[in-house]
Structure formats: structure tokens, C-alpha cells
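Let's take a walk through this structure together, from the overall layout down to single side chains. Have the model open beside you as you read.

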Amino acid sequence: MIEEQAVVTRVGLDGRPWIKSLQTSACGACLQKQSCGTATLAKVLPKREFAVDSELALQAGDRVVVAIDDSHLVFTSLLLYLLPLLLMFGGLGLAQWLIPAALIDVWLPEIALSTLLLGFWLIHRAQNLLLLQLCFRPQIIRKLAAEA
């Protein structure tokens with residue numbers, strides 16, 4: 001299980017808590033943070049909040065530990081990286097079959113780029129379904145004690 005600390009930002013009308021990840025202290029204490037891609041992305045990209053199923057009674061502001069089953073990590077990585085490439089190669093194969101040989105050299109780079117971008121767009125549009133619903137079902141495993 002991969003664990004991360006999070007804070008409950010709100011509780012929805014259905015009783016599901018919405019959580020947002022807390023930045024870990026490792027990025028602040030690491031000597032490599034000037035050249036680290038993870039620290040740079042953590043600064044640039046906003047943190048997302050999402051709803052999680054929980055049996056605990058939680059309120060906004062509660063700190064919790066969220067866990068994700070890591071058995072699906074390889075499958076999801078392959079899906080996210082290979083799906084756009086497979087779509088691109090499939091689009092290229094279909095284009096070579098449909099487009100006349102005289103025009104194939106002109107249109108092949110545009111078709112490759114278009115189908116690759118289409119794959120990235122499809123993953124972006126379906127990321128909530130793919131990542132949060134099918135692959136990584138985050139679970140709140142415990143509530144942390146309030147800081148004094």
C-alpha cells in the first residue's frame with residue numbers, strides 16, 4: 001500500500017469527504033530540490049481534491065492517512081504510456097491502408113501527431129474514471145490526532 005497524508009477539505013451532501021494531499025516534508029528537506037523534477041512539479045501543479053469513500057466520521061480540517069493499493073501501479077503506468085502510442089501506430093496503419101501512396105509522405109507526420117495527441121486527450125478526459133474509479137481506489141485508513 002502507498003500511503004499519503006491528506007486533509008479533509010469538505011464533506012459532501014452525500015457524506016463523502018473530499019480530501020487534498022498534503023505536501024510531504026521530504027521535498028523541503030532534500031538537498032536535491034533545485035534539480036528535482038518532483039519538487040518542481042509539486043510547486044507548479046495545483047493540488048487536486050477528490051471525494052473518497054470512508055466509514056469514519058470526518059469533518060473539514062481533519063488530517064487523515066490515505067492509502068492506495070500498489071498492485072495496479074504497473075497496469076496503470078502501461079495504460080497511461082502505451083495507450084497514446086498504440087493509438088498513434090493504429091492511426092498510422094489505418095492511414096497507410098486508406099491514403100494513396102502518392103500522398104502518404106505528406107500526411108503521415110500530421111496523422112501521427114494528431115492520433116498521439118488524441119490519445120493524450122482521451123486519457124485526460126477519462127482520468128477520473130480510469131485512475132480514481134477503476135485503478136486506484138483511495139481509502140482513508142485512519143484519522144490522525146489533532147495537533148496541539
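A residue is called buried here when its relative accessible area is under 20%, exposed when that value is over 50%, and partly exposed in between. Keep those cut-offs in mind, along with one caution: what you see is a predicted model.

With the cut-offs in hand, start with Asp-62. Its relative accessibility is 14%, so Asp-62 counts as buried. You will find this residue in the loop between β3 and β4.

Now step back to the whole chain. The secondary structure consists of five helices and five strands, and reading along the sequence gives the order β-β-α-α-β-β-α-α-α-β. The chain has 148 residues, of which 22% are buried. Its accessible surface is about 10,600 Å², and carbon and sulfur atoms account for 64% of that area. Among contacts with a separation of 6 or more, 77% join residues 24 or more positions apart.

What lies inside? In soluble globular proteins, nonpolar side chains tend to be buried together. In this model, the largest nonpolar core has eight residues: Ala-6, Val-8, Ile-19, Val-52, Leu-58, Val-64, Val-66 and Ile-140. Strands β1 (2-11) and β4 (63-68) each contribute at least two residues to this core. A second, separate core has six residues, including Met-88, Leu-92, Ile-111 and Ala-112.

Leaving out residues up to four places away in sequence, Val-66 touches Ile-2, Glu-3, Glu-4, Ala-6, Ile-19, Pro-138, Gln-139 and Ile-140. Of these partners, Ala-6, Ile-19 and Ile-140 are listed in the core together with Val-66.

Back to Asp-62, then. Which residues does Asp-62 touch beyond those up to four places away in sequence? They are Ala-6, Val-7, Val-8, Ala-57 and Lys-143. Ala-6 and Val-8 also belong to the largest core. The side chain of Asp-62 has a polar atom 2.8 Å from the backbone nitrogen of Gln-59.

A search of the whole structure turns up one salt bridge, and the side chains of Lys-143 and Asp-62 form a salt bridge with an N to O distance of 3.5 Å. This pair links distant parts of the chain, with Lys-143 in strand β5 (residues 139-143) and Asp-62 81 residues away. The two partners fall into separate classes of accessibility: Lys-143 is partly exposed because its relative accessible area is 44%, whereas Asp-62 is buried at 14%.

With 37% relative accessibility, Arg-10 counts as partly exposed. Apart from neighbours within four places in sequence, Arg-10 is in contact with Arg-16, Pro-17, Trp-18, Glu-49 and Ala-60. The C-alpha atoms of Arg-10 and Gly-61 are separated by 7.7 Å, although these residues are 51 positions apart along the chain.

Val-74, Leu-78, Leu-82, Leu-85, Leu-86 and Phe-89 make a nonpolar surface patch of about 580 Å². One of them, Leu-82, sits in helix α3 (residues 73-98). Leu-82 has 38% relative accessibility, so this residue counts as partly exposed.

Key: Residues are numbered from 1 along each chain as its sequence is written. This is a predicted model: local features need pLDDT of at least 70, side-chain atom pairs count only at pLDDT 80 or more; totals for chains, interfaces and linings use all residues. Side-chain values use heavy atoms; hydrogens and water are left out. Patches are made of residues with over 30% relative accessible area and no salt bridge: like charges are joined within 9 Å, nonpolar side chains (Val, Leu, Ile, Met, Phe, Trp, Tyr) within 5 Å. Accessible areas come from the Shrake-Rupley method with a 1.4 Å probe; for residues, only the protein chains shown count as cover. A salt bridge is a side-chain nitrogen of Lys or Arg within 4 Å of a carboxyl oxygen of Asp or Glu. Helices (H or I, at least four residues) and strands (E, at least two) are DSSP runs, numbered from the N terminus. Buried means under 20% relative accessible area, exposed over 50%, partly exposed in between (1.4 Å probe, protein chains only). Contact means heavy atoms within 4.5 Å. A nonpolar core is a set of buried Ala, Val, Leu, Ile, Met, Phe, Trp, Tyr and Cys residues joined through side-chain atoms within 4.5 Å. A polar contact is a pair of N or O atoms within 3.5 Å; within protein, one must be able to donate a hydrogen and the other to accept it, and residues adjacent in sequence count only if both atoms are side-chain atoms.
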